[in-house]
Amino acid sequence: MSITLHKALQDRILVLDGAMGTMLQAYQFKEADFRGERFKDYPTALQGNNDLLSITQPHAIKEIHAKYFAAGADIVETNTFSGTRIAMADYQMEDLVYELNYQSAKLAREVADEFTSREPHKPRFVAGSIGPTNRTASMSPDVNDPGYRAVTFEELREAYKEQVEALMDGGSDILLVETVFDTLNAKAALYAIEEVKEERAIDIPIMLSGTITDASGRTLSGQTAEAFLISVSHIPLLSVGFNCALGANLLQPHLEAIAHKTEFAISAHPNAGLPNAFGEYDESPEDMAEQIEAYFKKNLVNIIGGCCGTTPEHIRVIAETAAKYEPRPLAVTV
């Protein structure tokens, strides 16, 4: 599968899906929906645990994947953004981590295979989504104790390894370490991936996507776009790029900062603009695609998609725009 992926990456700009959370909001699932029959007597509140819906509402997850593929996506992300035991501790569901990730990857795999069988000329891929967790290894959560850490590198490595194994077992073609706000967290994930690859004597493409958190142009742990690139370039990545936090126009300078300084493919999946006063994203598909078209004109990206606030309609217009352009040239075969 990776050979096909590499060929597709050379041939065209690949399209990633949009926001899973935005789509799930439209279903208006309540506590009982998150619980389903299996977890109806669970001791903690479960509403908001979107990853759990891969088990309790699998039809909705598959439907969302299908909508993104139908809109033109080449790659969908698994519903596993919070799929580590560190993040699942909020719901006392640490022991469910393997099943959550395996089931999420399996659902995405089934939908991808359905679309590939219908359109063999356009193979579809599954990216196992690996989020940043809700703890940071580089900074203290306590302003009065700057040396304190809420998590260790080793704890992160172990948590990510469990997630990675399940995502691979479930059928992921790619592993996507995304929304990186602390590069030390990401390095723990990358270390875990390399460990699994070595133990299993297999290879799997890795996408890495950081997050520029504000107008300072830095990640939360203080790195500029170029510093972020340099600090992860020792790992053989399929792609490096940015997602979340910013809209397409504000993300462009950071893509420009790295696009001509690496042989890796470049990815971007920005938000649908900045959130309004109610935390909602108003940018239309046409407006977002118009801004993203500037990426294509400057040969900045190889993989494009959407993050918060984006829908299948956003992805459809972005995919139609991307089809008019050649991908950013790759210096070597990825």
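1. The sulfur of Cys308 lies 3.8 Å from the closest cysteine sulfur, in Cys244, which is too far for a bond; a disulfide is a pair of cysteine sulfur atoms within 2.5 Å. Cys308 is partly exposed, with a relative accessible area of 24% (buried means under 20%, exposed over 50%, partly exposed in between, with a 1.4 Å probe and protein chains only).

2. The model is a predicted one, in which local features need pLDDT of at least 70 and side-chain atom pairs count only at pLDDT 80 or more, while totals for chains, interfaces and linings use all residues. Residues are numbered from 1 along each chain as its sequence is written, and side-chain values use heavy atoms, with hydrogens and water left out.

3. The structure holds 0 disulfides. Cys307 is in none, and the nearest cysteine sulfur, that of Cys244, is 4.0 Å away. Cys307 is buried, at a relative accessible area of 11%.

4. The chain contains 13 helices and 8 strands (DSSP runs: H or I of at least four residues for helices, E of at least two for strands). Its radius of gyration is 19 Å, close to the 20 Å from the globule rule for 334 residues, so the chain is as compact as a globular protein of that length. The radius is taken over C-alpha atoms, and the rule is 2.2 Å times the number of residues to the power 0.38.

5. Of the 334 residues in the chain, 56% are buried. Among contacts between residues at least 6 apart in sequence, 77% join residues at least 24 apart, a contact being heavy atoms within 4.5 Å.
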